[in-house]
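Welcome, and thanks for taking a look with us. Here is a short briefing on a few local features, grouped by topic.

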Amino acid sequence: MGADISHEEAQDTMINSSPPLSAPLFKSAASRARPKGPAVGIDLGTTYSCVAVCQKGMVETIANSHSNRTTPSCVAFTDRERLVGEPADVQAGLNPENTVFCTKRLIGRSYGDPLVQSDLKRYPFQVVEGGNGKVKIQVSYRGLEKVFHPEEISAMVLSNLKQMAEAYLGRPVTQAVITVPAYFNDAQRQATIDAAAIAGLSVLALINEPTSAAIAYGLNDSDRWKVKRNLLVFDLGGGTFDVSILTVQDGIFEVVATTGDTHLGGEDFDQRLADHLTQEFKKKHNEDLTQSTKAMQRLKAACEKAKRTLSSNVTAIVSIDALYKGVDFHTVVTRATFEDLCSDLFHAALLHVERGLEDAGVKKSQVHDIVLVGGSTRIPMMQKLLSQFFDGQELCKTVNPDEAVAYGAAIHAAILTGHRYQNLQNLLLLDITPVSLGLETVGGVMDVVVKRNSPIPTKETRNFSTTEDNQSSLFLQVYEGERTLTKHNRLLGTVTLSGLQPAPRCVPIILVTFHIDHNSILTVSAMERISGNNKQLTITDTRGCLDREEIERIVHEEEEHRAQEKAEEEKREALNSLESSTLQLKRVAVEEKSLDDRAKRRVLEMCEETAAWLEGNRRAPKKEYEARKRELEDVCYSIITHFTTDGEKP
Ligand code: AMP
């Protein structure tokens with residue numbers, strides 16, 4: 001059967017089982033018997049990620065081994081090892097093809113997605129079609145060509161954050177609340193859950209980033225929420241931009257509207273500056289930097305630094321030695337130039353603010369607080385324009401913009417694992433679905449079942465019927481989007497209800513239910529009322545997500561990776577130990593005055609021999625280093641012991 005469905009418009013047949021507004025969502029979540037233990041809050045960012053934990057009523061943002069509280073969401077592959085976070089970011093300019101970042105832009109998307117297609121031209125690493133329309137990332141690792149799902153790369157970032165938390169807490173961490181942009185669709189959310197599973201984390205909840213920041217803000221400022229206030233969260237990070245309008249009263253948060261752009265953020269500002277400096281380089285040196293991914297990567301890293309400097313200074317120096325064909329590049333960028341280059345992007349952000357307010361039915365004069373979240377909100381011009389938009393209203397900056405999202409997620413995680421949290425005992429958090437969801441009906445028209453900005457979890461049921469006499473099956477096509485015709489929206493999945501009782505058209509009643517759970521995962525079920533014949537579809541978007549077998553395979557591979565990395569580490573330690581033993585024995589032979597000359601020569605010879613062997617054997621098996629070390633030490637110490645005049649081993 002084709003996509004022909006007619007439906008009865010009767011609104012009274014709609015069932016809305018959203019929780020009543022007075023029922024605290026957290027209370028019911030906490031009362032579910034969840035395993036206790038440390039659960040962390042993770043802001044899995046496009047460019048930077050952050051992990052926080054809430055213990056005994058205190059939230060701690062966990063620093064990485066470089067003492068930074070945000071860690072680059074970056075993974076690099078070399079001929080010897082895999083690097084995650086800071087070490088990966090640092091070497092990006094030297095190894096651009098195998099340094100992977102921004103996977104949050106790819107996760108849950110199909111290869112043919114126009115956004116993927118336009119993005120992949122910008123990546124120095126290779127994005128390929130990995131079968132079934134899936135996106136894969138191709139790199140060279142240990143001398144071999146390897147392909148990874150975006151979920152696998154995100155899992156490596158998550159695993160790194162998990163290890164940071166475990167090192168800080170001194171205990172295994174297996175549960176997390178992970179934040180996602182408000183605009184993430186079902187496939188992207190499911191893919192994030194898959195990435196967590198690969199990293200060995202069970203997801204207690206996915207929450208929208210602005211919502212999480214609002215929790216952090218509510219905690220810091222709990223006294224302010226005695227009267228109802230409208231709050232606008234302006235979250236401009238590295239790669240994504242979200243605007244959320246929330247109402248807050250007596251510690252109760254309600255998200256009224258969300259809007260944003262999955263492709264607007266600091267990365268775009270860096271790119272603008274990089275494009276500008278590429279032209280400047282061409283003018284000055286008549287060379288095209290875009291011919292070298294390595295040079296472009298180094299230039300972008302320098303632009304990111306300069307951009308940060310321009311938030312506190314009016315000029316920034318960009319200085320890169322031997323940028324291209326041995327030519328150095330030194331220049332000065334002014335804040336005015338930077339602002340001019342990015343002016344349209346700043347204004348585009350304000351258009352989203354306007355749209356969000358419109359969706360929420362809130363006038364700008366009715367917004368009490370404007371909360372800044374995300375590193376890019378530090379840009380003075382962005383702050384100025386936003387404040388001007390709100391007729392000079394002061395912006396709230398008391399929450400650290402880089403950490404607010406993880407901070408709120410940590411509180412959410414603590415509450416979900418049954419920890420009491422004094423300031424938040426009455427906290428109710430309502431989340432909403434950011435995109436309308438519906439079915440295709442006659443003529444390719446989108447019939448919206450769950451409207452955009454509906455509070456979740458939610459369950460909506462509608463009656464549909466057949467369009468032909470004796471129709472034996474019904475083909476349902478589930479779409480997301482705001483356009484009237486489905487061809488302009490996004491197909492999420494299909495479900496066929498077969499075995500319908502023969503009947504004239506419009507007689508069978510088929511109940512179609514859209515259920516969105518607290519993680520925003522959609523399940524669509526269809527049931528013929530009389531026969532009870534039913535079919536269910538959980539939208540995991542096969543074009544974007546991994547199946548269970550694939551996840552198991554990746555988890556297994558990941559374990560192998562870790563075992564390999566551990567073996568590599570042990571090998572390095574054995575090599576290092578042999579090297580230091582050689583140097584130590586050499587020093588003893590040279591410095592030990594009581595050692596007989598022949599013995600001294602013999603020890604030095606053995607040390608030289610070992611050093612030469614080491615030079616040519618940097619990749620020998622661990623056992624060989626250990627055996628060499630034992631032999632060297634046994635022989636040398638025996639010589640030293642026998643041939644020192646006082647007969648003692650030094
Ligand atoms: P987030 O995703 O919130 O961690 O934000 C990361 C983005 O914020 C990156 O693009 C950073 O370059 C940018 N960022 C961080 N600090 C600053 C700053 N002081 N001025 C401008 N942009 C910044």
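A residue counts as buried when its relative accessible area is under 20%. By that cut-off C607 is buried, because its relative accessible area is 1%. Please keep in mind that this is a predicted model.

**Cysteines**
- There are 0 disulfides in the structure.
- C607 takes part in no disulfide, and the nearest cysteine sulfur, that of C636, lies 4.9 Å away; a disulfide would need the two sulfur atoms within 2.5 Å.
- C303 is also worth a look: its relative accessibility is 0%, so C303 counts as buried.

**Helix 4 against helix 5**
- Helix 4 (residues 150-169) packs on helix 5 (residues 186-198) at an angle of about 55°, and their axes are 8 Å apart. The angle therefore makes helix 4 oblique to helix 5.
- The crossing of helix 4 past helix 5 is right-handed.
- On the helix 4 side, the contact is made by E151, E152, S154, A155 and L158, while helix 5 brings A191, D194, A195, A196 and I198.
- By type, the residues of this contact are 6 nonpolar, 1 polar and 3 charged.

- Most residues other than glycine have a negative phi.
- N132, which is not a glycine, has a positive phi of about 55°. N132 sits in the loop between strand 9 (126-129) and strand 10 (135-141), and with a relative accessible area of 70% it is exposed.
- R142, not a glycine either, has a positive phi of about 55°. R142 lies in the loop that links strand 10 and strand 11 (144-148), and at 27% relative accessibility R142 counts as partly exposed.

Definitions and conventions
Residues are numbered from 1 along each chain as its sequence is written. This is a predicted model: local features need pLDDT of at least 70, side-chain atom pairs count only at pLDDT 80 or more; totals for chains, interfaces and linings use all residues. Side-chain values use heavy atoms; hydrogens and water are left out. Axes are lines fitted to C-alpha atoms, for helices over the stretch in contact, and angles run from 0 to 180 degrees between N-to-C directions. Helices (H or I, at least four residues) and strands (E, at least two) are DSSP runs, numbered from the N terminus. Angles under 35 degrees count as roughly parallel, over 145 as roughly antiparallel, 65 to 115 as roughly perpendicular and the rest as oblique. A crossing is left-handed if the near helix is turned anticlockwise from the far one by less than a right angle, and right-handed if clockwise. Contact means heavy atoms within 4.5 Å. Ala, Val, Leu, Ile, Met, Phe, Trp, Tyr, Cys and Pro count as nonpolar, Asp, Glu, Lys and Arg as charged, and the others, Gly among them, as polar. Buried means under 20% relative accessible area, exposed over 50%, partly exposed in between (1.4 Å probe, protein chains only).
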